[in-house]
Amino acid sequence: MQESGFDILKNFAETLVIRYQTRYWGRDRAQIGICQFGNGEIMADGTSITPAINVQSLTLDKPAVLTAVKGLVFKKGFTNMAQAFATAENMFMQKSRKGAQQAVLVISDGKPSFSFETTDQVKQLDEKNVMRYFVVISEQGVNSVIKGWASQPWETNVVHVPGLEQLDGDIETWAQKAVTVFCRSEEHTSELQ
């Protein structure tokens, strides 16, 4: 992905965050955190991959989350989605609310690296009942690997956007579609990453 594409994804993420309500009718509803991946590099030891970045820990402070999204910087690395899931899991362990449904929302071009490692991380999240939602921006469609990583049935947990141009042309509509698919009712209490 190029920096111009990253800027479109960043704008989309900001639009999504604006639509979420962290408090509803005076009650805490959803904490939101931001984890950035796509910064993958092989570390000096030759085998380790750089971790994803915990940009904003889980919080009810939506303005802080919006500031974090606006501050995201293009990293030029490979798609280290396994590290993103590991970082998300750490975020849940540090700050999630007891009894709240935990969910990870991944915005990606659908071209992840290291499928084996990512599948392992997905299994760990699955064992902890963490929902996995995907917004895949790709002209080629949603590949079978992503379908397998999404919570099942994948058809209700994946939104496919047919390219960056289409996303940029109507970000509001795509954000509304994602929120509608991923948050099906006002009573849905989730931790979103």
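What you have open is a predicted model, in which local features need pLDDT of at least 70 and side-chain atom pairs count only at pLDDT 80 or more, while totals for chains, interfaces and linings use all residues. Residues are numbered from 1 along each chain as its sequence is written, and side-chain values use heavy atoms, with hydrogens and water left out.

Now switch to cartoon. You will find seven helices and eight strands (DSSP runs numbered from the N terminus: H or I of at least four residues for helices, E of at least two for strands). The radius of gyration is 16 Å, close to the 16 Å that the globule rule gives for 193 residues, so the chain is as compact as a globular protein of that length (taken over C-alpha atoms; the rule is 2.2 Å times the number of residues to the power 0.38). Buried residues make up 49% of the 193 (buried is under 20% relative accessible area, exposed over 50%, partly exposed in between, with a 1.4 Å probe and protein chains only).

Next, select Phe 12, Leu 16, Ile 107, Val 135, Leu 167 and Phe 182, the residues with the most contacts inside the largest nonpolar core, which has 31 residues. Such a core is a set of buried Ala, Val, Leu, Ile, Met, Phe, Trp, Tyr and Cys residues joined through side-chain atoms within 4.5 Å. Helix H1 (3–19) and helix H7 (171–182) are among the elements that each supply at least two residues of this core. Another core, of 22 residues, lies apart from it and includes Phe 37, Phe 92, Phe 134 and Val 158.

Zoom in on Leu 167. Not counting residues up to four places away in sequence, Leu 167 touches Ile 8, Leu 9, Phe 12, Ile 137, Val 161 and Trp 174 (contact means heavy atoms within 4.5 Å).

Move on to Thr 59, in strand E4 (residues 53–59). Is Thr 59 buried or exposed? At 15% relative accessibility, Thr 59 counts as buried. Beyond four places in sequence, Thr 59 is in contact with Ala 30, Gln 31, Ile 32 and Val 65.

In the loop between helix H5 (144–149) and E7, pick Pro 153: a cis peptide bond joins Gln 152 to Pro 153, with omega about 0°. Then pick Asn 129, in the loop between helix H4 (115–127) and E6. Phi of Asn 129 is near 60°, a positive value in a residue other than glycine, and Asn 129 is exposed, with a relative accessible area of 60%.
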